[in-house]
Amino acid sequence: MGSTKAVIFDVGNVLFHWDRHAIYERLIEDDQALRAFVDDVVSLDWHAQHDLGVSFAETSAELRARFPQHAALIDLYGPRFNDSLQREVPGVVAILESLDAAGVPLFAITNFHDDFFAAFRASRPDVFGRFRDIVVSGEEKLIKPDPAIYTLALDRFGVAAADAVFIDDSAANIDAANALGITGLLFTDAATLRADLAKLGLPV
């Protein structure tokens with residue numbers, strides 16, 4: 001490599017599959033009812049508040065008031081959130097391990113509620129122990145693709161934009177990173193990621 005590159009990972013759908021249905025699939029047996037509950041009650045728009053740091057106590061109270069018939073299920077969303085992230089994306093942790101073994105500085109930026117992430121991070125020290133630092137949107141009250149979260153992360157990591165490679169499954173998040181001078185890699189699968197990193201001269 002001509003210069004030392006730092007590699008910054010997203011977490012959900014890059015390192016671990018994120019599927020909110022998995023929180024409830026053992027509790028709601030009917031597939032159609034499961035989809036309706038996840039899509040219409042604990043919806044993505046409702047969940048997005050957590051990524052901005054709104055407490056589960058607050059969001060769940062609001063949702064129980066709207067859907068009192070589902071109060072018991074709503075209350076399980078926070079305690080069982082890690083069930084939505086149990087499966088690794090095939091091949092990506094191996095890439096992380098290769099980069100770590102070669103001494104490449106590793107970081108992460110994730111849209112994640114800080115309480116949810118603390119529990120998940122503690123459950124996988126084999127993965128998260130490889131990162132020198134992780135910026136969590138819920139802690140910072142900033143969410144990708146807001147340029148401010150990238151600027152904050154680079155400053156905290158001590159990494160120049162030109163020396164950073166950022167991996168994310170969202171095109172909007174990659175576009176925001178590229179606009180700041182970061183090399184963004186849109187994640188699709190481990191084989192493509194390995195090839196993309198190798199083209200940049202990284203030891204994978």
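Start by selecting helix H4, residues 56-66, where Phe-56, Thr-59, Ser-60 and Leu-63 are buried. Look down the axis of H4: the buried residues fall within an arc of 95 degrees, so they line one face of the helix. The spacing follows a general rule: an α-helix has 3.6 residues a turn, so residues three or four places apart point the same way. The model on screen is a predicted one.

Keep H4 selected and turn to the face directed away from its buried side. The exposed residues Ala-57, Glu-58 and Ala-65 are carried there. What lies over the buried residues of H4? The cover includes helix H3 (44-51), helix H5 (71-75) and helix H7 (114-123).

Next, select strand E2, residues 106-110. Five of its five residues are buried, and the strand is mostly covered. Show the side chains: Leu-106, Ala-108 and Thr-110 point one way from E2, while Phe-107 and Ile-109 point the other way.

E1 (6-9) pairs with E2 in the parallel sense over three bridges. Within this pairing, Val-7 has Leu-106 of E2 as its bridge partner. Strand E3, residues 133-136, also runs parallel to E2, and four bridges join the two. Thr-110 has Val-136 of E3 as its bridge partner.

Which residues have the most contacts inside the largest one? They are Phe-9 and Phe-131, in a core of 48 residues. Helix H6, residues 92-101, supplies the largest share of this core, with five residues. A second, separate core has 19 residues, including Ile-109, Ala-161, Ala-164 and Ile-182.

Centre the view on Phe-131. Leaving out neighbours within four places in sequence, Phe-131 is in contact with Phe-9, Leu-15, Leu-96, Leu-106, Phe-107 and Ala-108. Two of these have come up already: Leu-106 as the bridge partner of Val-7, and Phe-9 as one of the residues with the most contacts in the largest core.

Move to Trp-18, in the loop between strand E1 and helix H1 (21-24). Is Trp-18 buried or partly exposed? Its relative accessible area is 27%, so Trp-18 counts as partly exposed. Not counting residues up to four places away in sequence, Trp-18 touches Asn-13, Leu-44, His-47, Phe-81, Ser-84 and Leu-85. With Ser-84 there is a polar contact between the two side chains, at 3.2 Å.

Asn-13 is not a glycine, yet has a positive phi of about 70 degrees. Its relative accessible area is 28%, and Asn-13 is partly exposed.

For the last stop, select the loop between helix H9 (137-140) and helix H10 (147-157), where Pro-145 is found. The peptide bond from Lys-144 to Pro-145 is cis, with omega near 10 degrees. Lys-141 lies in the loop between H9 and H10 as well. Phi of Lys-141 is positive, near 60 degrees, in a residue other than glycine. Lys-141 counts as partly exposed, at 48% relative accessibility.

Terms used:
Residues numbered from 1 in each chain as written. Predicted model: local features only at pLDDT ≥ 70, side-chain atom pairs only at ≥ 80, totals over all residues. Heavy atoms only, no water. Buried < 20%, exposed > 50% of the residue type's maximum accessible area, 1.4 Å probe, protein only. Contact = heavy atoms within 4.5 Å. Polar contact = N/O pair within 3.5 Å; in protein donor to acceptor, adjacent residues only side chain to side chain. Arc of directions from axis to C-beta. Core = buried A, V, L, I, M, F, W, Y, C linked by side-chain atoms within 4.5 Å. Pairing = 2+ DSSP bridges.
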